[in-house]
Amino acid sequence: MASLVCFPFKKERIDVVLKNVRIAAKHSRVSVVLLVAAGKNETYEGIAKEIPAIEQANGKKIILKVQERVGSLRPGKGDGMNSALKIFHDYRPKLQRLHFYDADIESFSPLWISKAEDSADLEYDLVRHYFPRSSTDAQITWQVTRVGFSLLWPHKNIAHIQQPLGGELLMSRRAVKVFLDSPEVMERSDWGIDTMYTFAAVKSGLSINEIYVPQGKLHALYGGLRDLKTMLIECFDAVQTIKKEIIDTNSVHHVQAGEAVPVEVREKIGYDIEKSLELLRENWTTEQETLLKLFPDRIASGLMSARNFPKWGFMDEAAWVNAYRVLLDNFDKDNEDWCELLFKLWVSRVIHYTMRHVLRGYDAALSELNAMVRNVQLSSGKKVIQKRKELVKSSPLIGEPPSPTTSYLSATSEEQIGAGLGLGETPPFHSSIPSV
Ligand code: DGY
């Protein structure tokens with residue numbers, strides 16, 4: 001099987017990128033290495049100089065290209081990845097598998113490629129790498145994407161994908177074709193691309209295997225949480241765009257078991273906490289105060305009081321899920337006040353989680369994140385089943401409801417009911433841990 005490995009990049013350490021390119025070029029399963037640049041800059045020039053020597057040493061083709069304008073939103077990571085999909089598709093002789101890896105991974109090794117190839121040999125359409133992450137990292141993944149998928153499609157594979165925003169993955173030729181044919185995927189030129197790949201894969205019934213990379217992805221982490229504002233908005237917007245979609249497949253989804261988490265991941269601090277506390281006081285407007293009235297009282301008054309002194313106690317798991325529903329209904333990504341409000345709500349949530357759970361240690365923090373997602377699936381899933389029973393009762397022609405453990409989870413009417421969840425219909429979410 002001929003495979004192409006793609007590294008999308010922007011401004012990175014040239015030595016790290018080149019080390020990764022050499023690893024890929026040397027790998028026996030790889031025929032072509034593709035570097036897709038966000039634009040021409042120092043990193044681009046530095047890499048360009050080294051390509052002929054790497055090609056010669058490995059007898060492999062190395063392509064360096066600036067990303068095309070493919071989508072219609074902010075030009076970003078989505079355009080980079082979708083440009084790679086097009087290059088892969090048109091390449092001759094035909095290639096069979098496309099891998100993506102972030103160019104800045106310091107812990108990248110041939111194993112990342114071999115594991116994905118082994119799994120694709122078992123004919124999975126999509127192989128996703130997942131790995132241990134610092135307890136203060138991945139706060140868009142957990143608080144936005146995993147909570148959103150669990151709220152909207154609690155019974156579907158999408159609610160169980162470990163790292164739905166992960167940029168390390170292998171696509172079969174079939175998966176590439178599914179994505180190229182999906183207008184939602186191709187228009188997504190920004191950070192929302194990973195959400196769309198995950199959603200389109202599940203919706204179209206592609207088989208998915210999540211493989212575990214125990215050494216984790218050591219890369220540069222963030223300053224204050226403000227560094228993540230654009231990503232947060234674009235990832236939330238991506239979930240909001242698909243909130244009414246029906247998923248009527250339950251494709252194969254396997255997850256390799258995790259292993260012990262290395263000490264450098266357990267001890268890594270994901271963001272600058274002191275810098276982030278300031279964020280709750282910044283950039284307030286009267287419009288944001290008005291928008292806050294849409295939220296439950298406790299959230300609105302809690303966030304308002306954080307203007308004077310850093311406060312976060314009001315944003316426990318239950319409050320966040322309630323706020324999430326209001327956001328799904330009302331958020332407008334083209335309104336800067338909505339963007340800033342979403343950002344502040346999320347900052348208060350991340351700080352609450354940090355102060356209440358990360359302080360108790362790595363294992364306690366991770367177990368809380370998992371419990372939060374599980375609780376959302378439970379409360380949202382129960383509501384789906386309840387609605388389904390009501391529907392069956394009111395339509396005697398449908399007959400007796402099937403056992404909840406089997407066909408309940410795959411019948412069409414559930415999807416139609418489920419598609420409406422998260423829009424103010426779900427029962428209140430109860431956290432197992434009382435708020436402080
Ligand atoms: C996430 O949440 O996964 C983003 O990469 C930010 O850490």
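Me: Where in α5 is the kink centred?
Reply: On R146, and the kink is about 25 degrees. A bend here is the angle between axes fitted to the seven residues ending at a residue and the seven starting there. Bear in mind that this is a predicted model, where local features need pLDDT of at least 70, side-chain atom pairs count only at pLDDT 80 or more, and totals for chains, interfaces and linings use all residues. Residues are numbered from 1 along each chain as its sequence is written, and side-chain values use heavy atoms, with hydrogens and water left out.

Me: OK, switching to α2. Where's the kink there?
Reply: At I51, shortly before the proline P52, and that kink is about 40 degrees.

Me: Which residues of α2 are buried?
Reply: T43, Y44, G46, I47, I51 and I54. They pack against β1, α1, β2 and β3 (contact means heavy atoms within 4.5 Å).

Me: And what caps the N-terminal end of α2?
Reply: N41 does, with a side-chain oxygen 3.1 Å from the backbone nitrogen of T43.

Me: What comes after α2?
Reply: G59, and its phi is positive, near 60 degrees.

Me: New topic: which residues lie nearest the centre of the largest pocket?
Reply: E12, D102, D104, W191 and M231, out of 43 lining residues. Among the elements that each supply at least two lining residues are α5 and β1.

Methods:
Helices (H or I, at least four residues) and strands (E, at least two) are DSSP runs, numbered from the N terminus. Buried means under 20% relative accessible area, exposed over 50%, partly exposed in between (1.4 Å probe, protein chains only). A polar contact is a pair of N or O atoms within 3.5 Å; within protein, one must be able to donate a hydrogen and the other to accept it, and residues adjacent in sequence count only if both atoms are side-chain atoms. On a 1 Å grid over the protein atoms alone, a cavity is a set of points where a 1.4 Å probe fits but cannot get out, and a pocket is an open set with protein on both sides within 12 Å along at least five of seven lines; lining residues have an atom within 4 Å of a point.
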